[in-house]
Amino acid sequence: MKLSPSLLSADFGRLAEEARAVEGIASYLHFDVMDGHFVPNLTFGPPVVNALRRHSTLPLDIHLMIDRPALYAPRFEVGAEDVITFHVEAKDPPRRALEAIRGLGCRVGISLRPGTPLSAIVPYLPEVDWVLVMSVEPGFGGQAFRPEALDRIRNLRRLIGNRAITIAVDGGINADNVRQVVEAGAEVIVAGSAIYGKPDPAAAARELLRAADA
Ligand code: DX5
Ligand code: ZN
């Protein structure tokens, strides 16, 4: 399992320091970009993400919870190891978002809200590198994990077959449930409050990794 700590639960006044705290433990850094339209919350956008990439060697995992991913994705400075994920429910047509992100030379991720059927993303599977399964309603950190996500991960695993697509899971994951999520088929675990909500984020990240293969 690989860990992608979400800075949504970090101290926004010390983002560079918070990013550095998980260096050498995590495999990605997860950025929750929210526009106040796709979700009822606002966070940060390309200037903040682009500034932070200079403070971390970790690949960026950029989760766009915005209505216009095709319009804004090109403003992120990304390379081949980074991933930008858009939502299939966004206002921009999925194919336009896909092409815009692909054109940046990074990996392409697709995500869906807990209430959206898996069938909504099936047409795009041949064109994506990563699927982000939401195990909470997007918009806020610190919500409870929705157990129905486990079946969804298993079903997605079957749909993916032998294609090289990474399954990432986001929302409500902590040391008590991480093992179940990994056993269901998750390869990347996004965690916000279980890491940055703790007094020692590095220790909390190590504990999550340990709990995953305990
Ligand atoms: C929710 C975000 C998540 C959030 C997860 O909309 O997509 O990445 O940071 O936070 P926790 O781990 O606290 O549920
Ligand atoms: Zn996220």
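A residue is termed buried when its relative accessible area is under 20%. In the predicted model described here, Ser56 has a relative accessible area of 13% and therefore counts as buried. Ser56 is placed in the loop that runs between α2 (46-52) and β3. Two contacts of the Ser56 side chain were computed. One is a polar contact of 3.3 Å with the side chain of Glu23, and the other reaches the backbone nitrogen of Leu58 at a distance of 3.0 Å.

Ligand 1 sits in the largest pocket, with 20 residues around it. Of these residues, Gly139, Asp170, Gly172, Gly192 and Ser193 come nearest to the ligand. By residue class, the shell around ligand 1 comprises ten polar, eight nonpolar and two charged residues. Three strands, β2 (29-34), β3 (60-65) and β8 (188-191), each contribute at least two residues to this shell. The greatest contribution is that of β2, which provides three residues.

Several side chains place polar atoms beside oxygen atoms of the ligand. For Asp32, a polar side-chain atom is located 2.8 Å from an oxygen atom of ligand 1. For Asp170, the corresponding distance between a polar side-chain atom and a ligand oxygen atom is 2.7 Å. In the case of Ser193, an N or O atom of the side chain lies 2.5 Å from an oxygen atom of ligand 1. On its own, ligand 1 has 380 Å² of accessible area, and the protein covers 100% of that area.

Gly172, one of the residues that come nearest to the ligand, lies in the loop between β7 (166-170) and α6 (178-184). Its relative accessibility is 24%, so Gly172 is classed as partly exposed, given that this class spans the range between the 20% and 50% limits. The C-alpha atoms of Gly172 and Arg68 are 26 Å apart in space, with a separation of 104 residues in sequence.

Further positions were characterised by their place in the fold and their accessibility. Asp67 occupies the loop between β3 and α3 (69-72). With a relative accessible area of 11%, Asp67 falls under the 20% limit and is therefore buried. Between the C-alpha atoms of Asp67 and Val133 there is a distance of 18 Å, the two residues being 66 positions apart along the chain.

Ala149 belongs to helix α5, which covers residues 149-160. At a relative accessibility of 3%, Ala149 is likewise under the 20% limit and so counts as buried. Ala149 and Val181 are separated by 32 residues in sequence, and their C-alpha atoms are 8.4 Å apart in space.

Pro117 is situated in the loop connecting β5 (107-112) and β6 (130-134). The relative accessible area of Pro117 is 47%, a value between the limits of 20% and 50%, and Pro117 is therefore partly exposed.

Note on methods:
Residues numbered from 1 in each chain as written. Chains lettered and ligands numbered in written order. Predicted model: local features only at pLDDT ≥ 70, side-chain atom pairs only at ≥ 80, totals over all residues. Heavy atoms only, no water. Near = heavy atom within 4 Å. Polar contact = N/O pair within 3.5 Å; in protein donor to acceptor, adjacent residues only side chain to side chain. Areas by Shrake-Rupley, 256 points an atom, 1.4 Å probe, with all protein chains shown as cover. 1 Å grid on protein atoms, 1.4 Å probe; cavity = no way out; pocket = protein on both sides within 12 Å on 5 of 7 lines; lining within 4 Å. Sits in = over half its atoms within 2 Å of the grid points. Helix = DSSP H or I, 4+ residues; strand = E, 2+ residues; numbered from the N terminus. Nonpolar A, V, L, I, M, F, W, Y, C, P; charged D, E, K, R; others polar. Buried < 20%, exposed > 50% of the residue type's maximum accessible area, 1.4 Å probe, protein only.
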